[in-house]
Amino acid sequence: MNIELRKLTLEDYADLKESMLQAYDSMGGSIWPKSSIAKLLNIFPEGQLCIAVDDRVVACSLAIIVEYDEYGDRHTYKLITGDYSFSTHDPNGDTLYGIEIFVHPDFRGLRLGRRLYEARKELCESLNLKSIIAGGRIPGYHAHAEELTPRQYIDKVKAKEIYDPTLTFQISNDFHVRKVLKNYLPGDKESKEYATLIEWNNIYYQGIDASARSAMTIRLGLVQWEMRLFPDMAVFYEQVEFFVDALSGYKSDFILFPELFNTPLLQPYNHLPEIEAMRKLAEKTQEIVDKMHEYALSYNVNIITGSMPLLEDGKLYNVTYLCHRTGKIDEYRKIHITPNEQKYYGMVGGDKVQVFDTDCGKVGILICYDVEFPELSRLYADQGMQILFVPFLTDTQNGYTRVRHCAQARAIENECYVAIAGCVGNLPKVNNMDIQFAQSAVFTPSDFAFPTNAIKAEATPNTEMVLVVDVDLHLLDELHHYGTVKILKDRRKDLYQVKLLK
């Protein structure tokens, strides 16, 4: 058996007619005349699809494009097809309207209808149309019409308490019911002349300024920074700019530096108690932020500055800055302070949880220990986060393992990408910063569109290097709507919730 999905041609009409007669035998054998098929092929050839089994056409889908707002949800089949003349077809419209789909009854066990639906979806995406809309028959309704209203019948089909050969199939193919239509198709006795107005939304729809899918591929540049002593600030900036220059040369959209990567600058204050030394380092933070802001603009890249100490109103915070290449600067203050940060530096936690809008989508930032608290990233996910950046600093492999595995969990449970970047090497002559362990990485959700181990890329452990990684935001949309599991959608919000208190 040879199965071929292709565009319909007028030469297929004899087979098409026979298949229509068999498919619609219960409706009196109503079929489209050859003149109607010819007109459809003339005005919109790519919208008319068929499946041939051993060169015999046994299934077909017909469609037009309409500007949907001109007809609205109360239309009839006669109205939307221009009294069956297809004069309503508008090549500049926004909706692919399905006017016909059928499979010869002798071939219904081959799932040919699913192939036609998938082909329609691909067509909708390729033409950058907002959605597919159609009036769907409910041929099983006549058997329940005495005890159920159409809406009650549809609800039971959705709940899988009743099987309807058309509606059950449409729901399984990701269509949802917008409305119940009355007197939609006169003569449809099985449906009692009712129909469902079904819709499939094109998540790739970009409006009139559509761009290629590649525009949703975001390039991340991660800096695995080696701790080293710097004789002065000029040499420190030289090293920072080296990485910015290199990663912008690879056209990175974001550059991520690690947590407290500037602590080699503590060396001149090593004679002071740790708490006083860190406050002295905080005096350099604004200067460093200004310099990285300058790099973001001149190298045309968004920079997550790692993190640095910030002294404000007598309180010491651990802060990272997002320097947008557009000139804007956002900041995030580490919320969960580790026992060591409290003990040695007297740091306190921030209190603002927010997602940042960038020219490459919505991003969130968590600093090291923060990623071990799943509530924060879940709040970000509810705000639309697509990429989570985690600058971290861990001295031992135990600490790194906590950060790594929690970051991987955050990617899976929040259907997002997570990028982590840390410091490596040893740092003599700086108290409490002597050893580091890191393996920077980018983690993904776990489903067929992503790597089987949910790791997009990872650096060599404990080696200074950069990681350049492309992530596709469209894959997140597909996962959210069509994933094997839908974690964000399937939460039992009737039973529990995570909410921000301030």
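Let's start with the sheet: 6 strands make up an open, mixed sheet, running in the order β14-β15-β16-β17-β20-β21. Strands here are DSSP runs of E with at least two residues, helices are runs of H or I with at least four, and both are numbered from the N terminus. Two strands count as paired if DSSP finds at least two bridges between them. At the edges stand β14 (356-358) and β21 (455-458), each with a single partner strand, so one side of each has no neighbour in the sheet. From one strand to the next, the twist averages 20°.

Before going on, a word on the model: it is predicted, with local features needing pLDDT of at least 70 and side-chain atom pairs counting only at pLDDT 80 or more, while totals for chains, interfaces and linings use all residues. Residues are numbered from 1 along each chain as its sequence is written, and side-chain values use heavy atoms, leaving out hydrogens and water.

Now look inside the sheet. Strands of a sheet pair through backbone hydrogen bonds, either parallel or antiparallel. β15 (residues 361-365) and β16 (residues 387-391) pair in the parallel sense over 3 bridges, and Val363 has Ile387 in β16 as its bridge partner.

Next, find helix α5 (residues 150-158). Which of its residues are buried? They are Pro150, Tyr153, Ile154 and Val157, where buried means under 20% relative accessible area, exposed over 50%, and partly exposed in between (1.4 Å probe, protein chains only). These residues cover an arc of only 100° around the axis, so they sit on the same side of α5; the arc is taken from the directions from the helix axis to the C-beta atoms. The cover over them includes α6 (167-172), β6 (176-182) and β7 (194-201). Just after α5, Lys160 has a positive phi of about 65°.

Finally, hop to Pro461, in the loop between β21 and β22 (465-472). With 37% relative accessibility, Pro461 counts as partly exposed. Setting aside neighbours within four places in sequence, Pro461 is in contact (heavy atoms within 4.5 Å) with Gln224, Phe437, Ala438 and Gln439. From Pro461 to Leu266 there are 195 residues in sequence and 25 Å in space, C-alpha to C-alpha.

Terms used. Axes are lines fitted to C-alpha atoms, for helices over the stretch in contact, and angles run from 0 to 180 degrees between N-to-C directions.
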